[in-house]
Amino acid sequence: MNHSFRAAPAGRGSHINPPNRFDKVHSEPDLEQCEHDDELLAELDRPPTEYIPDQSKSVISENDSPDISFRFSLNPYRGCAHGCSYCYARPTHEYLGLSAGLDFETKVFVKHNAPALLREFLCRPAWQAETIVMSGVTDAYQPAEREFRITRGCLEVLLEARQPVGIVTKNALITRDLDILRQMAALGTVHVAMSVTTLDAELARTMEPRTSTPAARLRAISALAAAGVPVRVMTAPIIPGLNDREIPALLKAGAEAGATASAYTLVRLPLTVKPVFLEWLDRALPTSRERIEHLIRATHDGKLSNSEFGQRMRGKGEIAEQIRRVFHVFAARYKLANDLPEYNRTAFRPPQTANGQMQLF
């Protein structure tokens, strides 16, 4: 693929803060008086990442969407400094009174008590060891995890309980926790889905600015597979006109790295994801913006997103069908069409309670 990218200063996927759809009053910065203050303008172009304590009283979310294969998810963080321009989770920040743009990337909420809340949840007498997925919304191995180690704390609880867990990430930091994941794999209680959206390092750098490089993600797949962890390569999202041509190469690279299953989703740009992604296209790929937008619309009935169950993740129409066929042909060719092994749910045992007691029943 031959793309010419414009640089993304400060490694941010979004350079805007679109108005919060729940706010009645919106403010706009007035920088007219500062147009000659290069130092101030440079500072505004380098917003720092803020970590804000999250006082949530629960850490497990439940969903009933037929498009999602899991019912329970765990997200140690709200917001994500990875800054992926297409991230469908961006609008969740609007519920916190913030923006889906720069705020989502720079104001990350940290659930410091997530391991304790998880322990409390798994101790419930009615819990039946259903699969929990980490990173159902934001990435559990985003840069904050290097400092706070909350995901690792949750994995320690999950290992103690022998609780089945699926992990979705695009960060090679997951290999830091191979000591825990290796033990979970031996018990049959862990799967990992590694998202590899492109093999083009330059495209990844501008589209997913604070994620691991494609090469690092493939190395992570290899390390996980060597440790016995079942790995799925996620070519997600597929963006028509941008990375759809890479499907065969992505699947081949994933298989060669050690993945044994695969999956994909089609890009969708709901709500305030739309202005963020289109601004990124204008900035990073101005000559391709119109074509890419047209192709995305062609897969969603002329819109940039479709909320219809059964369609929103796969799209519809000729282009969506072509993507589906290509994916399945090459998934079969590279022996990635099978699912990962079943989780072992029989090994589950409630963890110790917060006061160190084992449950009797």
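The exercises below walk through a predicted model of a protein chain, each with a worked solution.

Residues are numbered from 1 along each chain as its sequence is written. Because the model is predicted, local features need pLDDT of at least 70 and side-chain atom pairs count only at pLDDT 80 or more, while totals for chains, interfaces and linings use all residues, and side-chain values use heavy atoms, with hydrogens and water left out.

**Exercise 1. Describe the chain as a whole: how many helices and strands are there, and what share of the residues count as buried?**

Solution. Begin with the elements, which are DSSP runs numbered from the N terminus, helices being H or I with at least four residues and strands E with at least two; the protein chain has 12 helices and 10 strands. Next take burial, where buried means under 20% relative accessible area, exposed over 50% and partly exposed in between, with a 1.4 Å probe and protein chains only; of the 361 residues, 53% count as buried. Finally consider contacts, meaning heavy atoms within 4.5 Å: among those in the protein chain with a separation of 6 or more, 81% come from residues 24 or more positions apart.

**Exercise 2. Work out which residues of helix 3 are buried, and what they pack against.**

Solution. Seven of the nine residues of helix 3 are buried, so the helix is largely enclosed by the rest of the structure. The buried residues are Ala114, Pro115, Leu117, Leu118, Arg119, Phe121 and Leu122, and they pack against strand 2 (60–62), strand 3, strand 6 and helix 5 (150–161).

**Exercise 3. Explain what parts of the chain the aromatic pair of Phe72 and Trp127 ties together.**

Solution. Rings of Phe, Tyr and Trp (its six-membered ring) pair if their centres lie within 6.5 Å, and planes under 30 degrees apart count as stacked, over 60 as edge-to-face and the rest as tilted; by this rule the count comes to eight aromatic pairs. One of them joins Phe72 and Trp127 edge-to-face, at 5.1 Å centre to centre and with 80° between the planes. Phe72 lies in strand 3 (residues 72–74) and Trp127 in the loop between helix 3 (114–122) and strand 6 (132–134), so the pair ties together parts that are 55 residues apart in sequence. Phe72 is buried, with a relative accessible area of 6%, and Trp127 is buried with a relative accessible area of 6%. Together with Phe121, Phe72 and Trp127 form one aromatic cluster.

**Exercise 4. Decide whether Glu94 is buried or exposed, and find which side chains its own side chain meets in polar contacts.**

Solution. Glu94 has its place in the loop between strand 4 (77–78) and helix 2 (102–106), and Glu94 is buried, with a relative accessible area of 2%. A polar contact is a pair of N or O atoms within 3.5 Å; within protein, one must be able to donate a hydrogen and the other to accept it, and residues adjacent in sequence count only if both atoms are side-chain atoms. The side chain of Glu94 makes such a contact with the side chain of Arg21 (2.4 Å), and another with the side chain of Thr272 (3.0 Å). Leaving aside its neighbours within four places in sequence, Glu94 is in contact with Pro19, Asn20, Arg21, Phe22, Ala100 and Thr272.

**Exercise 5. Locate the backbone features at Pro237, Ser135 and Arg162.**

Solution. Most residues other than glycine have a negative phi, and most peptide bonds are trans. The peptide bond from Ala236 to Pro237 is cis, with omega near 0°, and Pro237 lies in strand 9 (residues 231–238). Ser135, although not a glycine, has a positive phi of about 80°; Ser135 lies in the loop between strand 6 and helix 4 (144–148) and counts as buried at 8% relative accessibility. Arg162 has a positive phi near 55°, and its place is in the loop between helix 5 and strand 7, where Arg162 is partly exposed, with a relative accessible area of 26%.
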